[in-house]
Amino acid sequence: MNIGVQIKKYREKQNISQEELALKIFVSRQTISNWENNKSYPDINSLIMLSEIFNVSLDDFIKNDIEEMRKIVDKDVIKKFNLVSWAFSLELISLVVSAYPLAKFFDYIGIFIWIILFFLTLITGHIIERFKKINNIQTFKEILAFVDGTKLSYEETQQELGKRLYQKILYAILAGVIALIVSLIIIFIFNNI
């Protein structure tokens, strides 16, 4: 990022020491030093104050850093989405696999544990759905592009928008079939004990 270089350049151009600049924007001298050495970055309020002190527009001051900051934020968001997705997958698997053993070996306590696991899985699913809504990703292709950190073209986006309705219907049917199969398996296991 260039922000540290920009701060140092404009500070030296105006013959202001790090201490003087720190006093003007209400931070420590060490904070200014960290910014100039790219160890940390100023928040938006500090950026605005710096641009006013240096008499430079905010756009000119931060130049190419916006795109780089956006990439860093996108990587963090993608990492969080992947983590929550893996947690959800593990919760779903443990939900299906643990139903019978918990009920068989721990009786009512096991059923209570399973219900808690069920609600945790619902909460994680809700987090994923909220995340998908915020980032406007619904179809499999949109999710893959998001996870890869790429963007779909306008034409691809329009195609995916058209797919959303029937994919939701297919997902609902598929979820119903899977629930039916799992229920039949559990009934079969309970009947053969």
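This is a predicted model: local features need pLDDT of at least 70, side-chain atom pairs count only at pLDDT 80 or more; totals for chains, interfaces and linings use all residues.
Modeller: Helices (H or I, at least four residues) and strands (E, at least two) are DSSP runs, numbered from the N terminus. Residues are numbered from 1 along each chain as its sequence is written, and side-chain values use heavy atoms, leaving out hydrogens and water.

Colleague: Thanks! Which element has the lowest mean pLDDT?

Modeller: The protein averages a pLDDT of 80, and 88% of the residues score at least 70. Among the elements, H2 has the highest mean, 91, while the lowest, 71, belongs to helix H7 (residues 140–148).

Colleague: Is Ser 98 buried or exposed?

Modeller: Ser 98 sits in helix H6 (residues 65–134). Leaving aside residues up to four places away in sequence, Ser 98 touches Trp 114 and Leu 117, contact meaning heavy atoms within 4.5 Å. Buried means under 20% relative accessible area, exposed over 50% and partly exposed in between, with a 1.4 Å probe and protein chains only. The relative accessible area of Ser 98 is 15%, so this residue is buried.

Colleague: How are H2 and H3 oriented to each other?

Modeller: Axes are lines fitted to C-alpha atoms, for helices over the stretch in contact, and angles run from 0 to 180 degrees between N-to-C directions. Helix H2 (residues 18–25) packs on helix H3 (residues 29–36) at about 105 degrees, their axes 8 Å apart. Under 35 degrees counts as roughly parallel, over 145 as roughly antiparallel, 65 to 115 as roughly perpendicular and the rest as oblique. H2 and H3 are therefore roughly perpendicular.

Colleague: And which helices do the buried residues of H3 pack against?

Modeller: Those buried residues are Ile 32, Ser 33, Asn 34, Trp 35 and Glu 36. They pack against H1, H2 and H4.

Colleague: How many residues has the largest nonpolar core?

Modeller: A nonpolar core is a set of buried Ala, Val, Leu, Ile, Met, Phe, Trp, Tyr and Cys residues joined through side-chain atoms within 4.5 Å. Those with the most contacts inside the largest one include Ile 7, Leu 21 and Trp 35. Helix H1 (3–13), H2, H3, helix H4 (44–53) and helix H5 (58–62) each supply at least two of its residues. The largest core's residue count is 15.

Definitions and conventions:
pLDDT is the predictor's confidence in each residue, from 0 to 100.
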